[in-house]
Amino acid sequence: MPSAFFHTRRLQTRILAVYLGLLLVVQGTTYWVIHNAIDRNARQSVAESLGSGEALLLRLLHQQQDALQQATRALAEDASLHTALTLAQPEGMLTALRSHREAVRASVTLLTTPAFVPLSQTEDSPGTALAMAALLPDLLRPQVPAHTPAAQPRQATPLRVVRMGGQIYQLAAMAVPAPAPAAWVLMATRIDTRLLQELHSLSGLDLALLTPPESGNRWQVLDATLPADSWPRLAQAWENGPRRGTLSQPTFHVADDEFSARALVLPDLQGHDVLRAVLMRSVDQAIAPYRELKLTLLGLSALGVLAFGLVGMFSARRITAPLRELSSSARQLGRGEYDSEVSSDFDGEIGELAQSFETMRQTIQAREGELRRLVWQDPLTELPNLEQFRRDLRQAVGRASQHGVPCAVLLLDMDRFKQVNDQLGHRFGDRLLRAVAQRLHDGLHDGAHGGHTPVLARLSGDEFGILLPGADAAAAWPVAQRILADFERPLVLDGHTVDLGAGIGIAASPAHGLDADTVLSRAELAMNTAKQQQAGTVSYHAGLDATASASLTLLGELRTAVDDSQLRLFLQPKVTLATGQVVGAEALVRWQHPERGVLSPIGFVPFAEQTGFVRLLTRWMIDEVARTAQALSQQGLAMKLAVNLSTRDLLDPELPPRLADAIARHQLAPDSLVLEITESAIMDDPERALHTLRRLRTMGVRLSIDDFGTGYSSLSYLKSLPVQELKMDRSFVMSMAADEHDAKIVQSTIELAHSLGLSVVAEGVENLATWELLQVLGCDEAQGHLIAKPMPARQFAAWVAAWQPPQLPQSAHPASLAASSA
């Protein structure tokens, strides 16, 4: 086969790749689903069999206890025993004890005086009998088990278990009834291999009896249905696993075999943990019957790949031959040569495609003349203009109201376009608009839109509109996401790299309106919301109308909040990971609204940034933080307090002198204040931001990059910033203990920062595992709810006095994760 067939840019190769790729995805997904289902069902079956086995074991133990109790009662009521007691005949007593011992195969049969002094026993070891006689007072008292298994019947006879001489016994005792002389009888039987084998034969489960030695610090296997050479490994596996209470279904390994287990706790008369009856079933053996099915699936997958490859190769050759001819015709159409007729001498779908090309040629030729006459085209981008877009939208809305065929409108407004125009000139801005229009056009026509042709138009300035006939708001959402993803690729024009960004609003008909103007205005409202909230894409909903009205009201009230002392300063502590010492805090603002209660910053700071009112908020924050830092210093607490700066703050030339004035008035060391700046705030106007940052650094104030990892700055630009600290975004920190990829990102960020001489603060530390892993990775400081939530500034000093670093458990998990990240 010619090697040119496999060229990655050729359609034949792509078709073959699609055939095989789809098959591999389907087969791989199927295999994964079946594999997981098999594993899940096998483990569920193991869990159910363990539950049944636990109930069976309890039933056997209670049956043995009942039999022992009945045998004890029969012995106590035996006439021959009464006679021997009356005549004080030791031989007769022993004979009576032996006759009842065999009925239940008792290990020990004992007769004592009312004071529990042994009179006669059948057990060969007098020491065991004496020890059991000493237990009679406890045995005769009503007993409630220390750990009652969940499966134990409520009306069952309580189990009476003791550990003695390395053996476990079940006991029963009873008084000899009158008129015989007063005495006590006791019978005991060992819990041994017979019980284990009986359970194994009935349930197919393995059973092990585990008990700690007298010292209580290690476990040993008393008996088990597993081979004796595996007992030490079983004891070691149990020693390393959970051991207290009735365990629902722990798993552990013995050699290379994985077992699921259920443990039944059998306490002695004093409630001491003397025996664990561990029911086990091998998970590997439960899954083994399904291995042949997995091999069959793999074999079928291999055959499918081969068959699909051959069919795909044949189909690709048949399809691409006529397509090359059509491609030549398409290039002519692309050059605007509409006079040459497209050949349609092909069969089947290719013939239909050729006819569609010819129809398209004729339609484009006619439409081009019409558009030129009507001048409904944007001269800069050669896209439809606002009037053309409105006409197309009116037609689509009409179809939606009359025939129920929906349509959706996407309005897109670019970020930072005005800055590009101001800095690089309008001519460059025009070229940028043409490049954006081309990228939007290519992206829309590469995607699938349900057989309907999307309409792209330039409405005004840097605002574009997209009409998706036949699509509702839900279908328009992935289109908007693809556009935003495409905008993440920067454009390079005349040696300038331009980072694109946009806000997209979505509205649909008939869901959001039955006339074009309503749909368009609601799409614009959604777009403005997306821009304000930096949400990327927002689909219109009724709440946006109310939100817009409420935003105007809130902005009016915000202007009086500072004058009326409605703002509150909150602090969230920062601690060093190496020592656990509190070294500072992040300053946050809360609005004590007289009617709406306490508002978080997300409820009013974005509105303040839109209007420039954020500068007044920042001035209030700087004064309050400086005053608080002075108060803490007078209490002997030298703390670094951090204040967040917005884009408008960085572009404010009055920020450095205002900050210097606050430091002087409150007699602070400049490095006791930390200014946190987001990457996006710097990149809005890098030159002016860099100038302000250098002035602040010259004053001695510490500078920190906030939410590092979510912005757009390059490493070369980061190197030139006069900052001393990086603050990692919580989105990476919060899941790093469970997500190896996030852990690697955090590790790389720490190493990068340290190589540049910067300290690292991790925000979003929510649990001990994250704390310990950050310690291992060498992070400098931490902030998050594990340490403390934001608190009123007046409570901070008392909190610092009571602060204790978290006590870390002995665990190898974070260290191993750190090693794998390396």
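1. Helices (H or I, at least four residues) and strands (E, at least two) are DSSP runs, numbered from the N terminus. The peptide bond between Ala 178 and Pro 179 is cis, and its omega is about 15°.

2. On the basis of the note: this is a predicted model, in which local features need pLDDT of at least 70 and side-chain atom pairs count only at pLDDT 80 or more, while totals for chains, interfaces and linings use all residues. Residues are numbered from 1 along each chain as its sequence is written, and side-chain values use heavy atoms, with hydrogens and water left out.

3. Five strands form an open sheet with mixed pairing, in the order E12-E13-E11-E16-E17. Two strands are taken to pair if DSSP finds at least two bridges between them. The edges are held by strand E12 (455–460) and strand E17 (537–539); each has a single partner strand, so one side of each is left without a neighbour in the sheet. From one strand to the next, the twist averages 20°. Here axes are lines fitted to C-alpha atoms, for helices over the stretch in contact, and angles run from 0 to 180 degrees between N-to-C directions.

4. Within a sheet, strands pair through backbone hydrogen bonds, either parallel or antiparallel. Strand E11 (residues 407–414) and strand E16 (residues 502–509) run antiparallel and are joined by eight bridges. Met 414 stands opposite Ala 502 in E16.

5. Helix H14 (residues 516–533) packs on the sheet and touches E11, E13, E16 and E17; contact means heavy atoms within 4.5 Å. The direction of H14 makes about 150° with that of E16. Helix H10 (residues 386–403) lies across E11, E12, strand E13 (463–469) and E16, and runs at about 25° to E13.

6. The loop between E16 and H14 contains Pro 510. The peptide bond from Ser 509 to Pro 510 is cis, with omega near 15°.

7. Phe 116, in the loop between strand E1 (108–112) and strand E2 (118–121), has a positive phi near 70° although it is a residue other than glycine. Phe 116 is partly exposed, with a relative accessible area of 24%; buried means under 20%, exposed over 50%, and partly exposed in between (1.4 Å probe, protein chains only).

8. Gln 667 lies in the loop between helix H19 (655–665) and strand E22 (673–678). Its phi is near 55°, a positive value in a residue other than glycine, and Gln 667 counts as exposed at 70% relative accessibility.
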